[in-house]
Amino acid sequence: MSEETFKVQAKKPPSTRPTQKTDSKSKLEAARVQKTGAQSKTKEALPQVHDLGSMKRDERIAAVLAKEGGKATVRKGQSAGKKQTGTQKAGRYDGMKRQIALQKKSGTKATASKGKAPSRSRAKVKVRPDNGVLVMRLCLVALVIVLSAITAILVLRRVEEGGAPTAALQNVAAVEGTVTIESGMGAGAVASLFAPYTDSGALLDLILDEGLASSIRSGSYSVHPGMDPGEVVEMIAIQPSDGRIHIYPGYTIDDVDQLLSSRGLAQRGDFSKACDTLARQAGLDFAEGWLLAGDYVFTDPDTLARDMLSATLSLFKAHAHELALSPLSMEGLVIVASMVNRETQDEAQMPVIAAVILNRLEADMPLGIDATTRYELDDWTSVLPQSVFEELTAYNTRRRKGLPPSGIGCPGQAAILACLAPSDSQTLYYFHDEEGGLHTSMSYEEHLASLEALR
């Protein structure tokens, strides 16, 4: 609707310091070596001592024998700590008897089995661990715990701030799904849709480098993480080599002409001339609006123009019953459908907008479709001054009642079907909010109130 009346005014991941891993096996091995070294020194001092308990026992036996006048020598491989000479006069069992007698005298209980030496508990040797090694181990364990805690805190903080901890987590978050490309979406918007599944920057560069921005097909596509940008392009774009071309709903004849030229399929102006020639041959008052948007196999500009017109006529033939009930002629129908396509790309809104246009035509009211003036000026992006809408021109539907003299672009099938089956509503006003939502009203006062509520 008019700008005057209907415009609303209303992953870098957090870095962590590397931690020195403690090799527990290496530390234990070092402790064993140190312990072995200490034992080696003991063996050097007592090279023939294997059992300290046995040594003390033999010392006691030797002492008893010496007191009784006997001589004793330490068995080979043992040491009593003192140099002793002589041979043991008493027999083995005599020595044992004397030892038992000595123990009884001192009040110590002892037992002996036949043929065995009296059993005594051997002295236990306690080896204390190296305090330095133990302290080092504890320090390393504490350091690892502290660094792990710091890392966890940094990651959690990063997540709370909205950042992605790692690219790996992002890949895990992305799962197989569906991406839907709406009609009229630009290459940048399309590339952003695939960001969770591929390198969106590389995808955009590939689309632009190959000149495929105008060849992207709308629709829903199955996707999965880790897709190659080339794989995505082959899926969503019509390649120049296969001879197919996609005409978006709302494209003007000049837009199509420029598309063919940019892809090297025709010279600039060839398609526009082909459309003018076709309109004269078919007895049409104009060509703009009669050419149906969609996918086509391109051979030459003349054939493409005829194919697009044939597609429109085939659609009318398939819906001849609805066409017979429509208040619009086929010429009027393609004009209204082209305006609907310029007012919205949302197919759900198309029947409502078509109803508003038909209701205004019936009420003999100006349509107030600013897209018709933009088509006349060939300016779809600039903010148009109010003075433009004060001029009484053929395409100024604010000032002039009825339909403009031609369509304003190639209508899509959905827009034509919406005009054949408009919404059952008597609404006369509508506008879009900033999010693209459609608001309708029965009267101008209600329309102004809706606008005021959104300011």
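Before I point at anything, one term: helices, of at least four residues, and strands, of at least two, are DSSP runs, and they are numbered from the N terminus. Please also keep in mind that what you see is a predicted model.

With that numbering, the chain has 18 helices and six strands, and of its 455 residues, 34% are buried. The chain exposes about 27,100 Å², of which carbon and sulfur atoms supply 53%.

D199 sits in the loop between α7, residues 187–193, and α8, residues 200–209, and with a relative accessibility of 46% D199 counts as partly exposed.

Now to the pairs of charges. In general, side chains of opposite charge can pair when their charged atoms come close, and a search of the whole structure finds four salt bridges here.

One of them joins D254 to R268, with the closest N and O atoms 3.3 Å apart. Because D254 belongs to helix α10, residues 253–262, while R268 is in the loop between α10 and α11, residues 270–282, this pair ties together parts that are 14 residues apart in sequence. D254 is partly exposed at 33% relative accessibility, and R268 is partly exposed at 44%.

Another salt bridge links D364 and K401, whose closest N and O atoms are 3.5 Å apart. D364 lies in the loop between α15, residues 350–362, and α16, whereas K401 lies in the loop between α16 and α17, so the parts tied together are 37 residues apart in sequence.

Finally, the rings: the search of the whole structure finds three aromatic pairs. In one of them, Y375 and Y395 have ring centres 5.5 Å apart and planes at 50°, so the pair is tilted. Y375 is in helix α16, residues 370–377, and Y395 is in the loop between α16 and α17, residues 413–420, so this pair ties together parts 20 residues apart in sequence. Y395 is buried, with a relative accessible area of 14%.

Key. Residues are numbered from 1 along each chain as its sequence is written. This is a predicted model: local features need pLDDT of at least 70, side-chain atom pairs count only at pLDDT 80 or more; totals for chains, interfaces and linings use all residues. Side-chain values use heavy atoms; hydrogens and water are left out. Buried means under 20% relative accessible area, exposed over 50%, partly exposed in between (1.4 Å probe, protein chains only). Rings of Phe, Tyr and Trp (its six-membered ring) pair if their centres lie within 6.5 Å; planes under 30 degrees apart count as stacked, over 60 as edge-to-face and the rest as tilted. Accessible areas come from the Shrake-Rupley method with a 1.4 Å probe; for residues, only the protein chains shown count as cover. A salt bridge is a side-chain nitrogen of Lys or Arg within 4 Å of a carboxyl oxygen of Asp or Glu.
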